[in-house]
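Q: I'd like to learn how to read a helix and the core around it. Could you take me through this one step by step?
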Amino acid sequence: MLKYLETVTEDMLMASVLICLFWSMCRLAFGRKGDRFILIGMIAGVVSSAVMAWMKNTTSKIATNQWNFFIFLATMILTILFGIFSAIFARKHRQLTFYGSDTEAGIGTGGWIVGITGALLTALLLFYELPDVLAYPVNFETAGKGFLSMEYFSRLAGFLLALLLVWLYVRFLYRCAMALDSTKTVLAVMNAALLFNAFRCFGLALSKWTARPRWLSWMPPYSSSRYPWAFPLAKFTTNGTLFFVLVIVGLSLIIPLILFLRNIRIRGEYANPAQHRKLKSVSRSRRRIALAAAFFFTLCLLNLTVVRAYNNREVELSPPETYEIRGEEIFIPMEQVSDGNLHRFEYITDNNVNVRWIIVRKPGAGSYGVGLDACDVCGTAGYYQRGEQVVCKRCDVVMNINTIGFKGGCNPIPLNYRIDGGSIIFQMSDILAAEREFK
Amino acid sequence: MKKILALVLSVAMLLSLSVAMAQEAGFEEFPITLDGSNPEAAEEVDLEVAPLHVAAVYFQPVQMEPADQAGLSVEESNIHLEADIHWNENDLGFGAGDWLAYATVDYKIVSETTGKVAAEGSFMVMNADDGAHYGANIALPESDTYTLTFIIHSPAENGYLLHVDEETGVKGRFWADPIEVNFVHWEYTVQEW
């Protein structure tokens, strides 16, 4: 649940905030006509994303890397154009108050250019983010338990909660922008956010180029000596998704903040107590909208930081248990390991190498899954117990307990043992032979 | 208004159509060079470690069977890393160009920025449509400059025998210590497959 709560929030928050800013700006500038531009952009984005999601999940026709390269380039160009057009248009008409004007003649050629650019940008932002998000519910990892399972519903809950959280924030952000009624402020915030978005798209496009794919052979070949700035920038942007989300969403918080500050005191003249009460009520209502936006911003922020840190916390391996050594053999009583839980043991060799192994009783059977606390794929990271599952600490793969003891993949490396006289018995020579795996 | 509607819906249709009519995507291998240089400009992409010829490539994570022995799934990994190791001219009886079989090949990916191990383990043996190789799906979620090391253990460690008699024997012997091959300054950025 937590994984999808934070992943979907990160996926959708930045695009949603940018679209909300476009929408606010267009609404303030063009009245209801502005709504239509962005709504049509959203419909175009959702429709094409649904097609892309379907193609990605049912065919092998989509080379995501190539698509994304061109999406980044197009988004970067449109972002810059939208910012420039909006600034020019707003500058030209800065003496006017557009909000509420809903006439056919109201927007002019410049307005059409801004609106169409905004609609295309909205469609592209959704086209990049939505296909994967739309596909999450059909690809939830449920350890083979299918759609009608707690695993599925808990992931679905995280997924839906994230969408709700993002929607609530942008909803209140939009209301703040409308209440603020300042095209200039919204435009300034939007253009600052667009600047970061253009920079991010440039860096992400670079990340494709620096990998030197053949399909980019029409571009100058990347060389770290000739373009020493390119890889650090690509690295920063690919590793810094959270940074860009926080900066862009953080910038958007300026709108609720200004709205709140402007409504701490009553503004405007009043002639009688009734008008005073009305102004107080309007100010109080605006402060509440601003606080609600700040509240949902904080929830999103906590989701991307605290929830993420908790979800990705380092798992501590359980402490090793005791056993008895008799001569060249290690004895572990069966009753010590027959409760179905994961049991860990270790032996420190003369070379000071800590050899670990695990034992778990297989469900519905009298047999035991025995293996080294290491696998061929993930090395000596080890395994831990999560509920009734045994999970690889490094790759988070849930093991099939019934196959523990078999060779291959992420299974624990098999370790010879025998059962005799109520004990599981290991030869010391087998433990010492496993030393190599833990060096 | 109708003009806008027509225009933007046209864009949606164009985007959707271009997606729907896309050709088979196929896949592309990304070579990892010994010194981080451009594969096309590098004089020697692969390493000649007598008696072996070693190359490293990565590409999109792949599905493998049996799935429960295949390590990380496509969703859990970022790349599929391959070690392509073939015999050079040798006195062990292998033909030049033959694939190195029966060896254990470990890998270690170390960040040159932090010095921390980003991934390590042993490759699995598998076949793709271009033949046998050592490989694994690997989670490498951070873009960084890495040193990739292959540690190639001798087939003798897995019990591979050599004839040594006068009539049928070979002159050479397997290497005693594992061969380490380093690919430095690997500038890796996370890709979306």
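Q: What comes just after H1(A)?
A: Just after H1(A), Gly31(A) adopts a positive phi of about 65°. Helices here (H or I, at least four residues) are DSSP runs, numbered from the N terminus. The model is predicted: local features need pLDDT of at least 70, side-chain atom pairs count only at pLDDT 80 or more, and totals for chains, interfaces and linings use all residues. Residues are numbered from 1 along each chain as its sequence is written, while chains are lettered from A and ligands numbered from 1 in written order.

Q: What span does H1(A) have, and where is it kinked?
A: The expected span is 1.5 Å times one less than the number of residues. H1(A), with 29 residues, reaches 40 Å from its first C-alpha to its last, close to the expected 42 Å. A bend is the angle between axes fitted to the seven residues ending at a position and the seven starting there; H1(A) has a kink of about 35° centred on Met12(A).

Q: Is H1(A) mostly covered or uncovered?
A: A residue is buried if 20 or more other C-beta atoms, placed from the backbone, lie within 10 Å of its own. In H1(A), 26 of the 29 residues are buried.

Q: Which residues have the most contacts inside the largest nonpolar core?
A: Such a core joins buried Ala, Val, Leu, Ile, Met, Phe, Trp, Tyr and Cys residues through C-beta atoms within 7 Å. The largest has 86 residues, and those with the most contacts inside it include Val17(A), Leu18(A) and Phe22(A). Helix H1 of chain A gives the most to this core, with 19 residues.

Technical notes. Buried ≥ 20, exposed ≤ 12 C-beta atoms within 10 Å, placed from the backbone. Helix = DSSP H or I, 4+ residues; strand = E, 2+ residues; numbered from the N terminus.
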